[in-house]
Amino acid sequence: MRLDQVSDQWWKDAIVYCLDVRAFLDTDGDGVGDLNGVMGRMDYMAELGVTCLWLMPFQPSPLRDGGYDISDHYGVDPRLGTLGDFVELVRAANDRGLRVISDLVVNHTSDQHPWFQDSRSSADSPKRGWYVWRDEPSDEPEGLAFPGKEDSNWTKDAEAAQYYLHRFYHFEPDLDTANAEVREEIARIVGFWLALGVAGFRIDAVPAMLETAGLPERVANDPRDWLRDLRAFVSRRRGDAMLLGEVNVDPQQLAQYFGDHGDLLHLEFAFLLNQSLWLSLARGEADPLETMVRMLPQVPPDSGWATFLRNHDELTLDKLSVAQRREVFGAFGPEEHMQLYGHGIRRRAAPMLDGDPDRLRLAWSLTFSLPGTPVLLYGDEIGLGENLAIEDRYAVRVPMQWSNERHAGFTTADEPVRPLAEGQFGPERVNVAAQRRDPDSLLQWMRRLVWCRRERPELGWGSVTLVDTAPPSIFAHRSDWEGRTLVAVHNLGEEPTSVTLALGEDVVGVEDVLEARELKGGKGGRLDVELGRYGYLWLDLDRARGGG
Ligand code: NOJ
């Protein structure tokens with residue numbers, strides 16, 4: 001297979017950059033970031049090397065859930081710009097070889113959405129069946145997305161005199177995705193944004209959207225058939241469009257969202273890998289991550305994982321045991337106000353790792369070398385911090401820090417949309433302008449990492465095997481694809497460690513990819529390497545047969 005023949009599967013080795021438009025750059029002085037601001041920083045993102053921008057919801061919204069409570073799926077929040085600006089943004093991105101994907105939030109709407117207003121108004125409303133109404137609340141579906149914030153998935157609406165389903169906040173009523181009209185409308189929304197140029201969607205809350213427990217009508221209309229139809233529709237409208245699903249479920253349930261032949265989601269966020277990664281970081285031991293790599297289902301050839309270190313929500317640790325979760329809390333979010341919902345940490349990567357450059361680079365190197373497509377949260381490339389004075393998950397969605405000017409160059413308004421990070425992570429110490437000038441900065445290093453990742457398609461396409469090494473702190477794995485092999489070695493511990501790697505007898509040379517230098521040794525298959533405190537190495541193997 002030649003890479004130029006699979007460019008329609010660009011998402012297999014894309015580097016995705018997630019950004020909250022409201023917190024990126026304000027160009028009209030109202031304190032809120034806007035689409036123009038994203039356009040104004042297009043060269044910054046192209047230079048960083050990311051290849052795909054994921055725009056978090058920018059549609060009209062009462063903003064009770066950071067925009068995930070959409071009140072018009074066909075519009076742009078006027079504070080952020082217009083549909084015209086959106087199209088210009090997509091063009092500006094495409095001009096630089098960047099694709100744009102948007103969130104697709106159709107598990108629910110805002111309760112202010114005209115559909116819901118209509119639905120609640122009368123039992124005879126044509127929109128009544130667009131939401132899930134019951135005379136009595138049900139025990140199903142089980143579990144709560146936001147324990148402590150909501151105590152049931154059902155809320156009584158006084159106007160409708162019935163209960164409605166909401167898997168998330170009570171102001172986010174769930175659409176009935178078994179309803180044929182709702183399915184048609186979702187296809188229309190998808191078709192609309194594809195026509196405006198998006199290259200795919202990050203689909204919000206996929207399991208909830210396909211939920212059948214307690215919803216018999218959904219069982220009759222198999223939700224997976226619907227997702228398959230939606231995927232087929234998307235691909236008909238735009239052949240290379242990608243669906244990236246938010247799927248945080250147990251290991252045995254993951255495969256079903258790829259479909260039997262990879263005909264559902266193209267990518268799934270690797271939540272389980274992420275949770276094990278943080279447990280490994282907390283312990284300084286490879287074992288949790290290795291166990292998870294072994295446990296993950298085989299991904300169909302035309303699908304993949306989307307890997308990440310942190311995202312725009314809390315770091316969810318819900319799939320760890322109570323004791324394991326306690327370990328991660330203890331290491332990275334020890335104070336109660338750093339925690340959320342009893343299972344998450346509302347901090348960014350840089351403060352969690354104490355701003356320690358060695359440990360941060362280790363964590364990023366590891367994230368970018370794991371099997372899949374890396375997703376980077378805006379600002380993490382400069383080590384942006386959080387502001388815990390901001391409630392809920394918004395603590396991590398602080399304004400981007402462009403310079404050490406007032407409000408970090410984010411806005412000229414008196415008040416930015418959210419307060420900035422402070423102290424060690426405030427704009428005087430952490431900003432793009434200063435890191436651009438400093439060859440040793442995290443930003444410059446991240447750029448190198450991103451570009452190295454781009455040059456190593458085997459990381460996105462290859463098959464992954466763990467490489468045995470004795471020291472418990474060492475995580476080593478190799479990706480093989482089309483005669484190319486990359487071995488990545490990471491020292492999760494603070495102690496410098498020597499490792500002997502068995503690389504295979506056909507190895508005739510080894511290059512250190514991140515430092516771009518030949519390594520001595522390795523011929524005949526064994527290589528001794530020294531890894532410093534939180535050290536990391538990407539090794540390109542030159543093999544007698546195949547070659548790269
Ligand atoms: C996942 C989103 O990432 C989160 O921010 C949101 O609250 C829920 N889905 C509900 O849309």
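Guide: Contact here means heavy atoms within 4.5 Å. Helices (H or I, at least four residues) and strands (E, at least two) are DSSP runs, numbered from the N terminus. The model is predicted: local features need pLDDT of at least 70, side-chain atom pairs count only at pLDDT 80 or more, and totals for chains, interfaces and linings use all residues. Residues are numbered from 1 along each chain as its sequence is written, and side-chain values use heavy atoms, with hydrogens and water left out.

Visitor: How do I read a helix face? Which residues of α4 are buried?

Guide: An α-helix has 3.6 residues a turn, so residues three or four places apart point the same way. Buried means under 20% relative accessible area, exposed means over 50%, and partly exposed lies in between (1.4 Å probe, protein chains only). In α4, residues 114-121, the buried ones are Trp-115, Phe-116, Ser-119 and Arg-120. They sit on the same side of α4, because their arc around the axis is only 120°. That arc is taken from the directions from the helix axis to the C-beta atoms.

Visitor: Now α12. Which of its residues are buried?

Guide: Helix α12 spans residues 322-332, and Arg-325, Val-328, Phe-329 and Phe-332 are buried there. Down the axis of α12, these buried residues fall within an arc of 100°, so they line one face of the helix. Their cover includes α10 (271-283), β12, β13, α13 (349-352) and α14 (357-369).

Visitor: β12 and β13 belong to a sheet. In what order do its strands run?

Guide: Two strands pair if DSSP finds at least two bridges between them. This open sheet has three strands in the order β11-β13-β12, with antiparallel pairing. β11 (315-316) and β12 (339-340) are at the edges with a single partner strand each, so one side of each has no neighbour in the sheet. Two bridges join β11 to β13, residues 344-345. Leu-315 stands opposite Ile-345 in β13.

Visitor: How do I read the two faces of a strand? Which residues of β21 are on the covered face?

Guide: In a regular strand the side chains alternate between the two faces of the sheet. β21 covers residues 526-531. Leu-527, Val-529 and Leu-531 make the covered face, while Arg-526, Asp-528 and Glu-530 make the uncovered one. β21 pairs with β18 (residues 497-502) in the antiparallel sense over six bridges. Thr-500 faces Asp-528 of β21 in that pairing.

Visitor: And β7, residues 200-203: are its faces covered or uncovered?

Guide: Both are covered. Gly-200 and Arg-202 are buried on one side, Phe-201 and Ile-203 on the other. On the β3 side (residues 99-104), three bridges join the strands in parallel. There, Asp-103 stands opposite Arg-202. With β8 (residues 242-245), β7 pairs in the parallel sense over four bridges. Ile-203 has Gly-245 as its bridge partner in β8.

Visitor: Next, pockets. What volume has the largest pocket?

Guide: About 1000 Å³. A pocket is an open set of points on a 1 Å grid over the protein atoms alone, where a 1.4 Å probe fits, with protein on both sides within 12 Å along at least five of seven lines; lining residues have an atom within 4 Å of a point. Points are joined across faces, edges and corners, and the volume is the space filled by probe spheres set on them. The largest pocket is lined by 44 residues, and the closest to its centre are Ala-145, Arg-167, Phe-168, Pro-207 and Asn-248. α6 (206-209) and α8 (223-237) each give at least two residues to that lining. The largest share, three residues, is from α6.

Visitor: What is the volume of the second largest pocket?

Guide: About 590 Å³. Of its 25 lining residues, Gln-298, Val-299, Gly-462, Ser-463 and Val-464 are closest to the centre. α11 (287-295), β10 (304-308), α17 (458-461) and β15 (463-466) contribute two or more residues each. β15 has the largest share, four residues.

Visitor: Last, loops. Is Ala-286 buried or exposed?

Guide: Ala-286 lies in the loop between α10 and α11. Its relative accessibility is 1%, so Ala-286 counts as buried. Beyond four places in sequence, Ala-286 touches Ser-280, Pro-472, Ser-473, Ile-474, Phe-475 and Leu-492. Compare Asn-221, in the loop between α7 (216-220) and α8. Asn-221 has 34% relative accessibility and therefore counts as partly exposed. Leaving aside neighbours within four places, Asn-221 is in contact with Ala-178 and Arg-183.
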